[in-house]
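Here is a short tour of one protein model. Please take a look at the sequence and the structure first, and then we can walk through a few features together.

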Amino acid sequence: MRIIFQFLLKFNFFYKLAQLLQWERSTFDAKNICKIISPENIVLRGPFKGMKYPSLEVAGSALLPKILGSYEDELFEVVNKILSTKYSEVLDVGCAEGYYAVGLARKMISTKFFAYDTDEKALGL
């Protein structure tokens with residue numbers, strides 16, 4: 001938890017972090033943290049900054065890094081290269097809840113996207 005606190009402080013969430021510290025330990029989970037740091041479920045940084053999550057549900061991955069915008073940050077260079085290339089179509093197989101498909105589609109408006117997954121939970125999101 002200390003690492004998360006240090007990370008949040010770097011993003012000037014001191015006030016919201018103070019609110020978190022007042023909560024009971026039982027309410028201290030990723031969804032509650034996300035509700036405090038991004039009440040509108042908006043991705044806060046990274047290549048998909050500004051993308052709104054429809055809910056605080058994810059399929060097979062971590063929610064907090066996605067909302068913070070640090071999810072798979074080792075791929076930011078690759079994502080930015082994809083964003084700078086003109087593709088007519090993009091296929092995302094295993095899209096889960098669509099983090100990459102929607103994030104890329106928001107910025108590549110002339111590109112046609114196809115996103116597929118076999119996970120029932122992912123399909124419901």
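Where is Glu72 found? Glu72 sits in the loop between H4 and H5. Helices (H or I, at least four residues) and strands (E, at least two) are DSSP runs, numbered from the N terminus. This is a predicted model, in which local features need pLDDT of at least 70, side-chain atom pairs count only at pLDDT 80 or more, and totals for chains, interfaces and linings use all residues. Residues are numbered from 1 along each chain as its sequence is written, and side-chain values use heavy atoms, with hydrogens and water left out.

**Two positive phi values**

Most residues other than glycine have a negative phi. Glu72, however, has a positive phi near 50 degrees, and Ala96, in the loop between S1 and H6, has a positive phi near 55 degrees.

| Residue | Relative accessible area | Class |
|---|---|---|
| Glu72 | 28% | partly exposed |
| Ala96 | 19% | buried |
| Cys34 | 1% | buried |
| Cys95 | 13% | buried |

The structure holds zero disulfides, a disulfide being a pair of cysteine sulfur atoms within 2.5 Å.

**The overall plan**

The protein has seven helices and two strands, and its elements run α-α-α-α-α-β-α-β-α from the N terminus on. Of its 125 residues, 35% are buried. Among contacts (heavy atoms within 4.5 Å) with a separation of 6 or more, 52% join residues 24 or more positions apart.

**Helices H5 and H6**

Helix H5 (residues 76–83) packs against helix H6 (residues 99–107) at an angle of about 40 degrees, with their axes 10 Å apart. Axes are lines fitted to C-alpha atoms, for helices over the stretch in contact, and angles run from 0 to 180 degrees between N-to-C directions. H5 and H6 are therefore oblique to each other, since angles under 35 degrees count as roughly parallel, over 145 as roughly antiparallel, 65 to 115 as roughly perpendicular and the rest as oblique. On the H5 side, the contact is made by Val79, Ile82 and Leu83, and on the H6 side by Tyr100, Leu104 and Lys107.

Within H6, the residues Tyr99, Ala101, Gly103 and Leu104 are buried. Their cover includes helix H4 (63–68), H5, strand S1 (89–93) and strand S2 (112–116).

Terms used: Buried < 20%, exposed > 50% of the residue type's maximum accessible area, 1.4 Å probe, protein only.
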